Amino acid sequence: TWYMYMNMTQPPFDDLKVREAVNYAVNTEALEKIYAGSLAATHQILPEGMPGHEPFDLYPHDMAKAKQLIEEANPSDRNITVWTDNESPNNEAGAYYEGVLDELGFNAKLKEINADNYFTIIGNESTPDLDTGWLSFYEDYPHPNDFLQTLFSGESIAPTGNTNFPRLDDPKVTAKIAKLGEEPLGSKQEA
């Protein structure tokens, strides 16, 4: 699963309207072209075939709506560092994302890191300017909690080796994720 994270603990991504604007601004068809058709948009973190996956398109590409949301949010911090690794086409996806943010009125700066060290660097909370980035996650085991616990639980935020890149730390979400992880997979858990 390839996705972009937005650090929700600091401006401008601490504002829901800014995060929504970015989601509307990204054209998943452009990303599919960058990856030469080897990926398909899911508009969610759970891949097709994973229990709990349901197809939907919450943020269809709409640059006009994205710009309207940015105007409403009027973020004071317009300087954004976009992280990606230096492997192709990941670096091309990062450059595309940087361009989208620039089009929204941000001053985005692409930071390409050697792929061998990428997760070590962006997973270290002392690394400056961890605003947003392009990255991937590979399933370890066929349970939706493999994605949810690792990527969205407050318990996964760590000083080093962090895997919750948006830094989502909502106690209700973390508790629900923990409960899901304790239960055997069935239709109730999939829902």
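This is a predicted model: local features need pLDDT of at least 70, side-chain atom pairs count only at pLDDT 80 or more; totals for chains, interfaces and linings use all residues.

Visitor: What kind of peptide bond joins P11 and P12?
Guide: A cis bond. Its omega is about 0 degrees.

Visitor: And what about the bond from S88 to P89?
Guide: That peptide bond is cis too, with omega near 5 degrees. P89 is in the loop between β2 and α4.

Visitor: Let's zoom out. How many helices and strands does the chain have?
Guide: There are 8 helices and 4 strands. Starting at the N terminus, the order is β-α-α-α-β-α-β-α-β-α-α-α.

Visitor: Why call the chain as compact as a globular protein of that length?
Guide: Its radius of gyration is 16 Å, and the globule rule gives 16 Å for 191 residues, so the chain is as compact as a globular protein of that length.

Visitor: What box do the C-alpha atoms fill?
Guide: Roughly 45 × 35 × 35 Å, along the principal axes.

Visitor: How much of the chain is buried?
Guide: Of the 191 residues, 42% count as buried. The chain exposes about 10000 Å². Carbon and sulfur atoms supply 50% of that area.

Visitor: What share of the contacts comes from residues 24 or more positions apart?
Guide: Take the contacts with a separation of 6 or more. Residues 24 or more positions apart account for 69% of them.

Visitor: Charges next. How many are positive, and how many negative?
Guide: The chain has 13 positive and 32 negative charges.

Visitor: Now the inside. Which residues in the largest nonpolar core touch the most other members?
Guide: V22, V26, A66, Y97, L101, L104 and F106 do, out of 28 residues in that core. The elements giving two or more residues to this core are β1, α1, α3, β2 and α4.

Visitor: Pick L104. What is L104 in contact with?
Guide: Set aside neighbours within four places in sequence. L104 then contacts A21, V22, A25, M63, A66, K67, I70 and R78.

Visitor: On to helix α6. Which of its residues are buried?
Guide: P144, N145, D146, F147, T150 and L151 are buried in α6, which covers residues 144-152.

Visitor: What do those buried residues pack against?
Guide: They pack against β1 and α7.

Visitor: What comes up in the loop between α6 and α7?
Guide: S153 is there. P166 is in that loop as well.

Visitor: Is S153 buried or exposed?
Guide: S153 counts as buried because its relative accessibility is 0%, and buried means under 20%. Beyond residues up to four places away in sequence, S153 touches L148, N164, L168, T174 and I177.

Visitor: And P166, buried or exposed?
Guide: P166 is buried, at 10% relative accessibility. P166 touches Y5, M6, N7, M8, T9, L151 and F152, leaving out residues up to four places away in sequence.

Visitor: How far apart are P166 and L130?
Guide: They are 36 residues apart in sequence. In space, the distance is 9.4 Å, C-alpha to C-alpha.

Visitor: Change of topic. Where is N79?
Guide: N79 is in strand β2. N79 counts as partly exposed, at 48% relative accessibility. Without residues up to four places away in sequence, N79 touches N107 and D131.

Visitor: How far is N79 from A25?
Guide: Their C-alpha atoms are separated by 17 Å. Along the chain, N79 and A25 are 54 residues apart.

Visitor: Last one, backbone angles. What is phi of A36?
Guide: Near 50 degrees, a positive value in a residue other than glycine. A36 is in the loop between α2 and α3. At 70% relative accessibility, A36 is exposed.

Visitor: And phi of N74?
Guide: Near 45 degrees, which is positive, and N74 is a residue other than glycine. N74 is in the loop between α3 and β2. N74 is exposed, with a relative accessible area of 55%.

Methods
Residues are numbered from 1 along each chain as its sequence is written. Side-chain values use heavy atoms; hydrogens and water are left out. The radius of gyration is taken over C-alpha atoms; the globule rule is 2.2 Å times the number of residues to the power 0.38. Buried means under 20% relative accessible area, exposed over 50%, partly exposed in between (1.4 Å probe, protein chains only). Contact means heavy atoms within 4.5 Å. Accessible areas come from the Shrake-Rupley method with a 1.4 Å probe; for residues, only the protein chains shown count as cover. Lys and Arg count as positive and Asp and Glu as negative; His and the chain ends are not counted. The place of a charge is taken as NZ of Lys, CZ of Arg, CG of Asp or CD of Glu. A nonpolar core is a set of buried Ala, Val, Leu, Ile, Met, Phe, Trp, Tyr and Cys residues joined through side-chain atoms within 4.5 Å.
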